[in-house]
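Let's take a friendly look at how two chains meet. Please keep the sequence and the 3D view open as you read.

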Protein chains: 2
Amino acid sequence: MPGKRGASAAVAVDALRQRIIDGTYAPGDRMPSATLISEEFGIDRGTAARVLAQLREAGYIITKPSSGSYVRSFERIVRSFPHRLTVWREGEAIQDADTGKRARMVEVTVGEVPASESIASSLGVAPGDPVLRRSRRFAVEQRPVQLADSFYLIDMVRATPIVYTDTGPGGVYARLAEIGRAPVRFTERLHARMPYPAERTALELPGGTPVIAIVRTAFDAEDRCVEVTEMIIDASAYELEYHAEV
Amino acid sequence: MPGKRGASAAVAVDALRQRIIDGTYAPGDRMPSATLISEEFGIDRGTAARVLAQLREAGYIITKPSSGSYVRSFERIVRSFPHRLTVWREGEAIQDADTGKRARMVEVTVGEVPASESIASSLGVAPGDPVLRRSRRFAVEQRPVQLADSFYLIDMVRATPIVYTDTGPGGVYARLAEIGRAPVRFTERLHARMPYPAERTALELPGGTPVIAIVRTAFDAEDRCVEVTEMIIDASAYELEYHAEV
């Protein structure tokens, strides 16, 4: 294809992104190679490789080793409330209820942190009191989709595997059940907004992608709050489903 | 204040909007008058009036007759599922459960339309078959916050006030109950995204404001689908709350 001589990397990034957004390049399609991009836009091959790198970093394409780059195709994760919050009874993990057999990766860090005002209010401690925080970053099919911070009373969880990164079969809820604190009632509050810069970075969000901020509170049979979880999810990766009988 | 001579209306709009976003002008604060804006930015008074008009059209300020302009202050509407879907039993309207005594306005249009594929699938008719549509646009405190289209089987609702714009105490659900079709089970599926141009216009959304698209399906005690509602809500105006016991 004849090159547009002098076009910059930014012009090529914009043009290729536009073709992905308008469907000229459909999900799963193979992207033109760096060689073809360099010819079409009249840029050198190194610059064309950087164009592909930028599209990859912005989440539009994925690159498979020794195969090439492809338009990202991603089936929304369906998150079904409250079904997903009951699967621990069969030893399953909540996130597995959402993603089934899709490749999933979790980074977990656990530690004590001072309680924020809202966490303190939910857990019934004073702001600044130490609470246990489990921070997770979930990726599905190599795409980061969710940041989640769960908070617990230290005295309640100290002697349980909840303080470890790996909490075992059924996860935290199965461990809460073992100490007589099984969660039986849940509230989720959510709103959607544009991401803050740190969230955009952590979730590798392309421009124009909102997040949904969710706070879930879990209560046991005696109506004690046993967990508060603050989540930030990539709005383009999820569909949320809620069921109720009245 | 000394003027920045030569600044355009766009510069003034950007600067004033930034002060609203960063809290320099807090919700409910009185905005500087057109005269003060013309002095600060070195623009004539007519241009300064247009600056205020642009901020008003973008949803950042409201103007009170013979008083001035104020930074819009708007308390999020808390939409509580499934509680809000039970208030018809006391003759209350669902939207009243959300907004209490706040000023509310609804525009309603009712008519027959051909069923889309997803509506047809939910209601159990063929795509293109006529169904009854109730289209509503809700405003709270003069701010448009929601577009909602509800769909019904024509044969089911033909002889009921559901075909009128005013459905009476308790609304549609109370009328469904009167014909033995009271909704007792609900599913909501939602995702968040940037608005389409028509949605942005209808909801008068400022830039950078996502919407939440919700589809609610209602079933009666015999598990027949009695209503499907497609909603688009201004994400900055709402907080969604979901409760469940398991």
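## Salt bridges and polar contacts

In this predicted model, A:Glu239 and B:Arg189 join their side chains in a salt bridge, with 2.9 Å from N to O. The interface of chain B and chain A holds four salt bridges by the rule used.

Polar contacts can be counted here too: 14 residue pairs link chain B and chain A in this way, with both partners at pLDDT 80 or more.

## Which parts of chain B take part

Three strands of chain B, E3 (77-81), E7 (183-193) and E10 (238-245), each give at least two residues to the side that touches chain A. E7(B) makes the largest contribution to that side, with eleven residues. Sorted by class, the side of chain B that touches chain A has 17 nonpolar, nine charged and five polar residues.

## Strands side by side

Which strand of chain A pairs with E7(B)? The partner is strand E10 (residues 238-245) of chain A, and the two run antiparallel over six bridges. Within this part of the model, you can find A:Ala244 opposite B:Phe186 of E7(B).

## Extent of the interface

Now for the whole interface. Contacts involve 31 residues of chain B and 31 residues of chain A. Between them the two chains bury about 2800 Å², and carbon and sulfur atoms account for 58% of that area.

On the chain B side, B:Arg189, B:Tyr242 and B:Val246 provide 24% of the area buried against chain A, more than any other three residues. B:Arg189 is also the salt-bridge partner of A:Glu239.

Key. Residues are numbered from 1 along each chain as its sequence is written. Chains are lettered from A and ligands numbered from 1 in the order in which they are written. This is a predicted model: local features need pLDDT of at least 70, side-chain atom pairs count only at pLDDT 80 or more; totals for chains, interfaces and linings use all residues. Side-chain values use heavy atoms; hydrogens and water are left out. Contact means heavy atoms within 4.5 Å. Buried area is the accessible area (1.4 Å probe) that two parts lose on being put together, summed over both. A polar contact is a pair of N or O atoms within 3.5 Å; within protein, one must be able to donate a hydrogen and the other to accept it, and residues adjacent in sequence count only if both atoms are side-chain atoms. Helices (H or I, at least four residues) and strands (E, at least two) are DSSP runs, numbered from the N terminus. Ala, Val, Leu, Ile, Met, Phe, Trp, Tyr, Cys and Pro count as nonpolar, Asp, Glu, Lys and Arg as charged, and the others, Gly among them, as polar. Two strands pair if DSSP finds at least two bridges between them.
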